[in-house]
Amino acid sequence: MIEQIQEIFDHYGFHAQINKYCEEGTELLEVLKGYEYGETSRDEVLDEIADVRVMLAGFQCGLCITDDEIRDRMEFKINRQIGRIKKEKECQSTEL
Ligand SMILES: [Mg+2]
C-alpha cells in the first residue's frame, strides 16, 4: 500500500497534495460536525478519516518521515497533553 501512496504523491506533487489535503481535511471536519448532531453516519466519518490518513501518509512518504519519528513525536505530544490535563485537574481541585 505504501508504494501506491508514494506513487499518488509523486504523480500529483507536493503543492497539489496540500490543496487536496485542505479539501479532505474540510470534509472530515464536516462529517465530524454532522456526526455530533446525528446528521452523518459512523461510516461516513470512517470514509473521511481514511481519506485524510491517505493524504498524511503521502506527506510522510514525500518528506521521508519514518513511522518511528512519528511515534516518538506523538508520544511526546500525548505526554505533554496528559501533563496539562493533570495540572488543570490540580488547579480545579485547589479552587474548590
Ligand atoms: Mg473525502
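Which residue with a positive phi follows α2? Helix α2 is followed by Cys64, whose phi is near 50°. The structure is a predicted model, in which local features need pLDDT of at least 70 and side-chain atom pairs count only at pLDDT 80 or more, while totals for chains, interfaces and linings use all residues. Residues are numbered from 1 along each chain as its sequence is written.

The chain contains three helices and zero strands, and its pattern along the sequence is α-α-α. Helices here are DSSP runs of H or I with at least four residues, strands are runs of E with at least two, and both are numbered from the N terminus. Two domains are assigned, domain 1 (1-65) and domain 2 (66-96), with bounds that come from an automatic or database domain assignment. The centres of the two domains, taken over C-alpha atoms, are separated by 26 Å.

The radius of gyration of the chain is 18 Å, whereas a compact globule of 96 residues would have a value near 12 Å. This radius is taken over C-alpha atoms, and the globule rule is 2.2 Å times the number of residues to the power 0.38. Along the principal axes, the C-alpha atoms fill a box of roughly 60 × 35 × 20 Å. Of the 96 residues, 7% are buried. A residue is called buried if 20 or more other C-beta atoms lie within 10 Å of its own, exposed if 12 or fewer do, and partly exposed in between, with C-beta atoms placed from the backbone. Among contacts with a separation of 6 or more, 65% join residues 24 or more positions apart; a contact requires C-beta atoms, placed from the backbone, to lie within 7 Å.

The expected span is 1.5 Å times one less than the number of residues. A kink of about 100° in α1 is centred on Gly13, where the bend at a residue is the angle between axes fitted to the seven residues ending there and the seven starting there. The buried residues of α1 are Phe9, Glu24, Leu28 and Val31, and what covers them includes α2 (42-62).

Two further residues of α1 were examined. Gln6 lies in this helix and is partly exposed, because 15 other C-beta atoms are within 10 Å. Gln6 and Gly58 are 52 residues apart in sequence, but their C-alpha atoms are 6.0 Å apart in space. Cys22 is also found in α1 and counts as exposed, because it has 11 C-beta neighbours inside 10 Å. From Cys22 to Arg53 the distance is 13 Å, C-alpha to C-alpha, across 31 residues of sequence. Just after α1, Gly38 takes a positive phi of about 70°.

In helix α2, the buried residues are Glu48, Met55 and Gly58. These residues cover an arc of only 75° around the axis, so they are on the same side of α2; the arc is that of the directions from the helix axis to the C-beta atoms. The cover over the buried residues of α2 includes α1. On the face turned away from the buried side, α2 carries the exposed residues Arg42, Asp43, Leu46 and Ala50. The end C-alpha atoms of α2 are 30 Å apart, which agrees with the 30 Å that its 21 residues should span at 1.5 Å a residue.

Cys64 lies in the loop between α2 and α3 (67-95). Most residues other than glycine have a negative phi. Cys64 is not a glycine, yet its phi is positive, about 50°. Cys64 counts as exposed because it has 7 C-beta neighbours inside 10 Å.

Helix α3 has 29 residues, which should span 42 Å at 1.5 Å a residue, and its end C-alpha atoms are 42 Å apart, in agreement. The number of buried residues among the 29 of α3 is zero, so this helix lies largely in the open.

Terms used
Contact = placed C-beta atoms within 7 Å.
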